[in-house]
Amino acid sequence: IYASVNYSNRIGFNMEMGGRLNFHTAYGEHTVYTINPSWSLGRSLKLFANYSSSYRTPSIYQLYAEYGNAKLK
């Protein structure tokens with residue numbers, strides 16, 4: 001499940017916010033989000049920032065190989 005909202009106004013301020021919910025039977029449920037404000041200062045300059053969360057997914061080998069760990073947390 002993923003959702004994203006983008007807001008822009010006439011004076012150059014922009015805000016993008018999004019979130020995602022991941023489900024997997026082996027490694028569970030994880031939520032991530034992102035917040036991206038920016039300010040356009042003329043045609044050739046933009047100031048921006050990014051704040052987001054993340055998680056590291058296990059590889060296919062770690063999940064399903066004979067020697068992988070099927071009980072990952």
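## Contacts and basis of the model

A contact means heavy atoms within 4.5 Å. By that criterion, residues 24 or more positions apart account for 20% of the contacts in the protein with a separation of 6 or more.

This is a predicted model, in which local features need pLDDT of at least 70, side-chain atom pairs count only at pLDDT 80 or more, and totals for chains, interfaces and linings use all residues. Residues are numbered from 1 along each chain as its sequence is written, and side-chain values use heavy atoms, with hydrogens and water left out.

## Fold and overall form

The protein has one helix and five strands, where helices (H or I, at least four residues) and strands (E, at least two) are DSSP runs numbered from the N terminus. Along the sequence they follow the pattern β-β-β-β-β-α. The radius of gyration, taken over C-alpha atoms, is 18 Å, well over the 11 Å that the globule rule gives for 73 residues, so the protein is more spread out than a compact globule. That rule is 2.2 Å times the number of residues to the power 0.38. Along the principal axes, the C-alpha atoms fill a box of roughly 55 × 20 × 15 Å.

## Burial

Of the 73 residues, 16% are buried (under 20% relative accessible area; exposed is over 50% and partly exposed in between, with a 1.4 Å probe and protein chains only).

Leu-41 lies in the loop between β3 (28–40) and β4 (46–48). This residue counts as partly exposed because its relative accessibility is 37%.
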